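I opened my notebook today to look at a protein chain and one of its ligands. Here is what I looked up, step by step.

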Amino acid sequence: MRIIMLGAPGAGKGTQAIKIAEKYAISHISTGDIFRANIKNETELGQKAKTYIDQGLLVPDELVVDLVVDRVNKADCENGYVLDGFPRTIPQAEALDEALAKRDEAIDYAINVEVPDENIVRRMSGRRACVECGATYHVVYAPTKKENVCDTCQGTLMLRDDDKPETVQKRLNVYHEQTQPLINYYTTKGNLVEVDGTMDIEDVFGKIVEVLGE
Ligand code: ADP
Ligand code: ADP
Ligand code: ZN
């Protein structure tokens, strides 16, 4: 099963992608996580990407397409994968489709997690990420057992720099301009799945499972 997650920043793509990957035993690939790991390790890619990410802008297509195409051709993707945060532009979607077609493969589902802009800012200001392992929590909706301590690795939690309100508004504008057109793209291809992302985390997942199958 090859799946793409669509939705605004903070809609819950990552939260659902992790649950999907676990249930269907497929790989979870988050371009945001890949960039953050590169920034932490101070790689050349990380340094380039950081200037865009900090401003709430998308990293240029040429820095992300080859990286993802190489990644989905790895052995642990043979059983399928869920792409979280890619594609984010029409050229990225086209490049992915082309690369897959060469191997007689295609995307099965593009799951759009729909959340209105008003809810997004609230979600983002409460999002907390583990500095060690990158796990995501929410102070109200997905709290850790112990305040400010990661449940899985005991790392400290922090607010991502790009989750500050002023950057969130910018990221939302970028989403509407550059990423939202993908909804039409996948509707035309016939593999769009719409899910109401304002429900509780488990209810959103339940709707996704109804479509993907038990
Ligand atoms: P969120 O989960 O809030 O949507 P991500 O963690 O997916 O954010 O991504 C963080 C940032 O990394 C984005 O704001 C963008 O700058 C960059 N990024 C991630 N994926 C892509 C992509 N496919 N194309 C361009 N930029 C990307
Ligand atoms: P994305 O990957 O789309 O940027 P995340 O999965 O990181 O979004 O979720 C953004 C924030 O909202 C996180 O703090 C997460 O714990 C929380 N969250 C995710 N899904 C829901 C939901 N259905 N209801 C309430 N909060 C949610
Ligand atoms: Zn952790």
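This is a predicted model: local features need pLDDT of at least 70, side-chain atom pairs count only at pLDDT 80 or more; totals for chains, interfaces and linings use all residues.

**Entry 1: the chain as a whole**

I looked up the secondary structure and found 9 helices and 8 strands in the protein chain. Next I checked the radius of gyration: the chain has 16 Å, which agrees with the value near 17 Å that a compact globule of 214 residues would have. Along the principal axes, the C-alpha atoms fill a box of roughly 45 × 40 × 35 Å.

I then asked myself what share of the 214 residues counts as buried. The answer is 45%. Among contacts with a separation of 6 or more, 68% join residues 24 or more positions apart.

**Entry 2: around ligand 2**

Which residues are the closest to ligand 2? I found Gly 10, Thr 15, Arg 127, Tyr 137 and Met 199, out of 19 residues that surround the ligand. The shell divides into 8 nonpolar, 7 polar and 4 charged residues. Both α1 (13-24) and β6 (136-138) supply at least two residues of this shell.

**Entry 3: polar backbone atoms**

I found a polar backbone atom of Gly 14 at 2.8 Å from an oxygen atom of ligand 2. For Tyr 137, a polar backbone atom is also 2.8 Å from an oxygen atom of the ligand. Ile 201 has a polar backbone atom 3.5 Å from a nitrogen atom of ligand 2. Last, I noted that the protein covers 93% of the 560 Å² of accessible area that ligand 2 has on its own.

Notes
Residues are numbered from 1 along each chain as its sequence is written. Chains are lettered from A and ligands numbered from 1 in the order in which they are written. Side-chain values use heavy atoms; hydrogens and water are left out. A residue is near a molecule or strand if one of its heavy atoms lies within 4 Å of it. A polar contact is a pair of N or O atoms within 3.5 Å; within protein, one must be able to donate a hydrogen and the other to accept it, and residues adjacent in sequence count only if both atoms are side-chain atoms. Accessible areas come from the Shrake-Rupley method with a 1.4 Å probe; for residues, only the protein chains shown count as cover. Helices (H or I, at least four residues) and strands (E, at least two) are DSSP runs, numbered from the N terminus. Ala, Val, Leu, Ile, Met, Phe, Trp, Tyr, Cys and Pro count as nonpolar, Asp, Glu, Lys and Arg as charged, and the others, Gly among them, as polar. The radius of gyration is taken over C-alpha atoms; the globule rule is 2.2 Å times the number of residues to the power 0.38. Buried means under 20% relative accessible area, exposed over 50%, partly exposed in between (1.4 Å probe, protein chains only). Contact means heavy atoms within 4.5 Å.
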